[in-house]
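Colleague: Please pick one open space in this model and take me through it closely. Then set it in its surroundings.

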2 protein chains.
Amino acid sequence: MLELFHNDMSVCAQKVRHLLAEKELQWESRHMSLRHKEQFSPQYLALNPNGVVPTLVHDGRPVIESTIICEYLEDAFGETSFRPADSVDRARMRLWTKQLDDTIHAATVVVTVGIGIRHQYAEIHTQEEIDEILDSVPNPKWRVLKRQLIESGMNHPDLAGALLRLQQMLDDMEGALPMGGWLVGDAISIADIGLLPYVLRLDHLNFGDLIEQRPNLADWYGRITARDAFKEAYLNQWLNEKYVRDLQEKGAEARDMVLRCLAA
Amino acid sequence: MLELFHNDMSVCAQKVRHLLAEKELQWESRHMSLRHKEQFSPQYLALNPNGVVPTLVHDGRPVIESTIICEYLEDAFGETSFRPADSVDRARMRLWTKQLDDTIHAATVVVTVGIGIRHQYAEIHTQEEIDEILDSVPNPKWRVLKRQLIESGMNHPDLAGALLRLQQMLDDMEGALPMGGWLVGDAISIADIGLLPYVLRLDHLNFGDLIEQRPNLADWYGRITARDAFKEAYLNQWLNEKYVRDLQEKGAEARDMVLRCLAA
C-alpha cells in the first residue's frame, strides 16, 4: 500500500501527486494541516525528521524528500517510466531536478511567503499561534527564514534575488524546450513534472504573462496542464481556492515591485 | 572512451575517481589547474558552464555535477553496482548524497578555504592574479563567498556554522554505521564513496581525533581507506603533498578556535 502524507498546495506534494497520477498508481491520502501543526507531531517527525511534506510510505517503509520520492517511484514501479532510457538524458533530467533542490525551491518559498502567504498568517492566527508554528520548524535555517519573511514581506533582502532566480528558470526552460516537446528527450519526464509546480506558482501569483511571453514554455505549459494526471494531482479536491485567491490578490498588489526587480 | 576533467584535491573529483576505480573503469585524465584558470577557459565552460570540476565526457557527451556523474556511471556501467538493489535502501543512499549537495559541500568549502587554502593564494599569487581567478568564477554566489573567505579567513561569519555542520555529519555517520558495515545496506555504496572525501578533508586538517572518537566511524574509515580503489583514486599521482601539508599546518594553527566552535 502507498500512503502519501502531503498538503494540497505544497509544490513538493503537487509534484509527487502528479507523478503518482501519471504512473496510474493508487494511493491513500494523509492530508497534513500546517495550521494545526500536524507536520510537527511526534508521530510525523518519526517518519520525516524535517517536519515537511510530502512523505511516501510504501508498505510501512517511509521515503522522504520529493526528488528522492520521484526516483523511488521509478525504481519501485518502473513499468511505465518517466526517466529517459538514455543515460546521458537521464543525467540531464537530474540536472533539472537538482536545480529545484539547490535554488528554485528556496526562491519559491521566499516569493510565496514574502509576497503572498504572510498575510494569511496574520489573518487566521494570533501572534502566539504564529510563534508556536514557527518555533516548531525543526530546521533552524528555515525557521529563521520563514519568520523573517512573515515579518519583512516584500522588504526581505532575499526577495529580489529569488525573483531573478525564477526568471532565470523560465528563460532556461524556454531555451531548452523544443516547440511541442519536453525538457529532456522526446517524452514527458520527471524534469517536466518537477518544474511544473514552480511555473504554476508564478501563474497563481498573477504572473502568467511571464509564461505567455515565452512561446515554447507557453506551449509546454498548455500541454502539460491539459493532461488528465494534472487534473488529478492539482485540481479537484487538491485545489485550495482560498489559497490561490490570496496568491492572486497579493501577487497583483506586488506587481509593480516585482517588475522593477526583474527589469533591474 | 571516458575522459575525466578533474583536479587532484577536489573533493568532488576524488569521489568520482573513487567510483571509477571501484568499478574498474579505464579513463583518461584531463587534469585542470585552477592556478592557470584552466577551468574558466571558453573550451571548458562549453562542457561545464559552472566552471567547476569534475566533468565526465563519455564518447564525446559531457556529464556534469559529481552526484549526477556517480548516478550516470551506475546507469551506463551497471554490471558491478554501487547502488543498493532494494529501492528503499537506494532512497536512503540518495538522502546521504543529497546532504552533500545541500549543505556538506558548501560547509567544506568554507572550512577548507577559510582555514587552509586562503594562505596558498597569498603565497603563490599577486593580488592581481587572485582578483583575476576570483572574477572568473561564473556563479556569483561562489565568487563572492570565495573572496570573502580569502579576505576574512577564520573571521568569516559562516565558519562556526560550517564546522558544526561537519560535526553533525560525523555524528550522523556514527549513528548510521554498524560496526564492520556500511552506511546503507550490507555493501559499500555511493553513499560511502560520496561521504569519504569530506571525512578525509577533516583528517587532512589535523582533526583525525574527531574520527577516532567515534568507534563505528573510525572502523569504517580504516576499512574504506584500505581499499585498492582508495589508493588508486586518492594517492599515487593524485595526492598533492604540498596541499595536504598546508591543510595540516593551518588546521593545527586553527585548532583551539575550531574546538571552541564545536564545544559551544
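Modeller: The second largest pocket is lined by residues from both domain 1 (2–76) and domain 2 (87–263) of chain B, so it lies between the two. Those bounds come from an automatic or database domain assignment. The model is predicted: local features need pLDDT of at least 70, side-chain atom pairs need pLDDT 80 or more, and totals for chains, interfaces and linings use all residues. Residues are numbered from 1 along each chain as its sequence is written, chains are lettered from A and ligands numbered from 1 in written order, and side-chain values use heavy atoms, without hydrogens and water.

The pocket holds about 220 Å³ of space. (A pocket is an open set of points on a 1 Å grid over the protein atoms alone, with protein on both sides within 12 Å along at least five of seven lines; a cavity is a set where a 1.4 Å probe fits but cannot get out; lining residues have an atom within 4 Å of a point.) Volume is the space filled by probe spheres set on the points, which are joined across faces, edges and corners.

Its lining has 13 residues. Nearest the centre are Leu20(B), Ala21(B), Leu25(B), Trp27(B) and Glu232(B). Two elements of chain B supply two or more lining residues: helix H1 (11–22) and helix H11 (228–234). H1(B) gives the most, with 4 residues. Helices (H or I, at least four residues) and strands (E, at least two) are DSSP runs numbered from the N terminus. By class, the lining splits into 7 nonpolar, 2 polar and 4 charged residues. Here Ala, Val, Leu, Ile, Met, Phe, Trp, Tyr, Cys and Pro are nonpolar, Asp, Glu, Lys and Arg are charged, and the others, Gly among them, are polar.

Of its 16 lining residues, Thr67(A), Asp101(A), Thr67(B), Lys98(B) and Asp101(B) are closest to the centre. Helix H3 (66–76) and helix H4 (87–124) of chain A, and helix H3 (66–76) and helix H4 (87–124) of chain B, each contribute at least two residues to this lining. The lining of the largest cavity has 10 charged, 4 polar and 2 nonpolar residues.

The chains come next. Chain B superposes on chain A by a rotation of 180 degrees with 0.0 Å of shift along the axis, at an RMSD of 0.0 Å. The two copies are thus related as by a two-fold rotation axis. (Contact means heavy atoms within 4.5 Å.) Within chain B, the C-alpha of Asp102(B) comes closest to the axis, at 3.3 Å.

Chain A has a domain 1 (2–76) and a domain 2 (87–263). Their centres, over C-alpha atoms, are 19 Å apart. In chain A, 27 residues of domain 1 touch 36 residues of domain 2. The two domains of chain A bury about 2,600 Å² between them, 67% of it on carbon and sulfur atoms. Buried area is the accessible area (1.4 Å probe) lost on putting two parts together, summed over both. On the domain 1 side of chain A, Met9(A), Val11(A) and His18(A) lose the most area to domain 2, together 25% of what that side buries.

Last, the backbone. The peptide bond from Val53(B) to Pro54(B) is cis, with omega near 0 degrees. Pro54(B) sits in the loop between helix H2 (42–47) and strand E3 (55–58) of chain B.

How values were computed: Copies are superposed by least squares on the C-alpha atoms of residues with pLDDT of at least 70 in both.
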